[in-house]
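I opened my notebook to get to know a new structure. Here is what I looked up, step by step.

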Amino acid sequence: MKSSEDAGQWSIGEVAERFGIATHVLRHWESVGLLHPAREGGSRRRYEKSDVYAVAMILRAKEAGFGLDDIRETFDTDDPVRRTAILGRHRDALARRIARAQASLALIDCALDCDHDDIASCPHFHAAIEAQIGALAPL
C-alpha cells in the first residue's frame, strides 16, 4: 500500500509535523491566500509538492522579516520589477537587522573577554559601548 508521501501528497498533519508548526498555522495561511491545497472529497486538504515548497518559502520569508501581506504580494505578482522591488526592500531591512545583531554579538564578546571583575567599570567595554552608540544611534 502506498503512503501519501509516496503518492506525492500529504495531509495537513503531515505537513505541519514536517515543518514543526501547528495545523492552525497552515489553515491561517490558506485563509489569507498564501496556500491553496487541493481538497480530497471536497473537505480534506491534500498538500502537493508545490504546496510544501510554498510552506518552506513562507517560513524562510518570515525568518527574514517578511509579513504575511508582503509574502502574499511577492507570491501573487507576475511583475518581475515589482517582485524585485519588494525583495530589495526586505533585503535592505534584513541587512540592517544583521548589522545590529553583529554589533550586539561584538559587544557580548567584548564583555566575555573582559579581564575586569565587573564590566561596568571596564574602560575597554565602555569604549565599545560608545562606539556602538555612535554607529547605531547618533545622538
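My entries below go from a record's annotation to a helix pair and then to charged side chains.

**Entry 1: the starting point.** I am working with a predicted model. I checked the UniProt record, an unreviewed entry, and it annotates residues 9–77 as "domain: HTH merR-type". I then looked at how that span is built: it is 59% helix and 14% strand.

**Entry 2: two helices.** I know that a packed pair of helices is described by the angle and the distance between the axes.

**Entry 3: who touches whom?** Which residues make the contact? From α3 I listed A54, M57, I58, A61 and K62. On the α4 side I found L68, I71 and F75. Sorting the residues of this contact, I got seven nonpolar, one charged and no polar.

**Entry 4: charged pairs.** Side chains of opposite charge can pair when their charged atoms come close. How many salt bridges does the structure hold? I found six. I picked one to look at: the side chains of R72 and D69 meet at 2.5 Å, N to O. R72 and D69 are three residues apart in helix α4, so about one helical turn separates them.

Key. Residues numbered from 1 in each chain as written. Predicted model: local features only at pLDDT ≥ 70, side-chain atom pairs only at ≥ 80, totals over all residues. Heavy atoms only, no water. Contact = heavy atoms within 4.5 Å. Helix = DSSP H or I, 4+ residues; strand = E, 2+ residues; numbered from the N terminus. Nonpolar A, V, L, I, M, F, W, Y, C, P; charged D, E, K, R; others polar. UniProt positions renumbered as here; feature names shortened; annotations may be inferred. Salt bridge = Lys/Arg side-chain N within 4 Å of Asp/Glu carboxyl O.
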